[in-house]
Amino acid sequence: MNTETHTIETWNIYGAHQLARKLQLPELDRWNWGIPDTGPGFEALGDVKGLRVLDVGSGLGRHAAHLAALGAEVTAVDASPTQHQRALARYPDTPGLHLVCADAVAHLRDIDPYDLIYSIGSMPYLNPDRLLPALANGLKPGGRLVFTALHTNSHGTGPSTEVTRRPEILRLPGTTEDHPVDMWVLTPQLWAGLLLQHGLTMDSVTAIDSPKPDNHLSYRLYAARRPQHVPSGPRISAPPPPNTALGST
């Protein structure tokens, strides 16, 4: 079993657990990029009205439904059938919201490019060398990619300094039951280099840290874009330009 297949099976367990709990979460009153009540809100996405938007790893779909209510045409993609089932049960017929159960890379091969692609904590579960080329090609010229990625886990283990996966833990809500998953937990410099390698330009990095002094959990919010004009010829890997924001660990 490969890493991503195992990850989907683990999220299927998570989704089935949440379906069995029948917990009715409220609609969003504040955007959550990974840690509740911290960081910027949906304004990090800019004005979404009239845009074609993709949510990668959409889960229950509350964020996607929120953007649809603001006038975006949102496709919410999740590879887990039980997570997709949760979203369908909650949003069976929401205007502007399209729920898709698929691998994000496969989905991006078959669609017209999006104006905006975002992901809340889901991108690090996929091999960036497989995902990032699909995301770059799935954006219109000038289109934006905004995503959060784990930076430091709750035990204080910071990002890896090379592009490799490592084991992390997914805990089922309301229990002490843990499931191992592999994730790409990378430094901002590595993310910037990978984005550049695949034709995307990093605009900003924002730290999102747990407000609890005994919790080291930390994410980074990355904003990137596909340039309006992409030079012809092969893309050449290059290190990210000097930027003090990217040096933050």
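Notes on the source. I am working with a predicted model, in which local features need pLDDT of at least 70, side-chain atom pairs count only at pLDDT 80 or more, and totals for chains, interfaces and linings use all residues. Residues are numbered from 1 along each chain as its sequence is written, and side-chain values use heavy atoms, with hydrogens and water left out.

Entry on the helix pair. I took helices (H or I, at least four residues) and strands (E, at least two) as DSSP runs numbered from the N terminus. Helix α5 covers residues 128–137 and helix α6 residues 188–197; I noted an angle of about 50° and axes 9 Å apart. The axes are lines fitted to C-alpha atoms over the stretch in contact, and angles run from 0 to 180 degrees between N-to-C directions. The pair is therefore oblique, the class left after roughly parallel (under 35 degrees), roughly antiparallel (over 145) and roughly perpendicular (65 to 115). On the α5 side the contact (heavy atoms within 4.5 Å) uses Pro128, Asp129 and Leu132; on the α6 side, Trp191, Leu194 and Leu195. I sorted these by class and got 5 nonpolar, no polar and 1 charged residues; Pro, Leu and Trp count as nonpolar and Asp as charged.

Entry on α6. I listed as buried (under 20% relative accessible area, 1.4 Å probe, protein chains only) Pro188, Trp191, Ala192, Gly193, Leu194 and Leu195. Their cover includes α5, β5 (139–152), β8 (201–209) and β9 (218–225). Just after α6, I found Gly199 with a positive phi of about 90°.

Entry on Glu168. I located Glu168 in strand β6, residues 166–171. Glu168 is buried, at 9% relative accessible area. I found side-chain polar contacts (N or O atoms within 3.5 Å, one able to donate a hydrogen and the other to accept it) from Glu168 to Asn153 at 3.2 Å and to Arg166 at 2.7 Å. Beyond four places in sequence, Glu168 touches residues including His179, Pro180 and Met183.

Entry on Asn215. I placed Asn215 in the loop between β8 and β9. At 25% relative accessibility, Asn215 is partly exposed, the class between buried and exposed (over 50%). A polar atom of the Asn215 side chain lies 2.9 Å from the backbone nitrogen of Leu217. Beyond four places in sequence, I noted contacts of Asn215 with Ser154 and Ser210.
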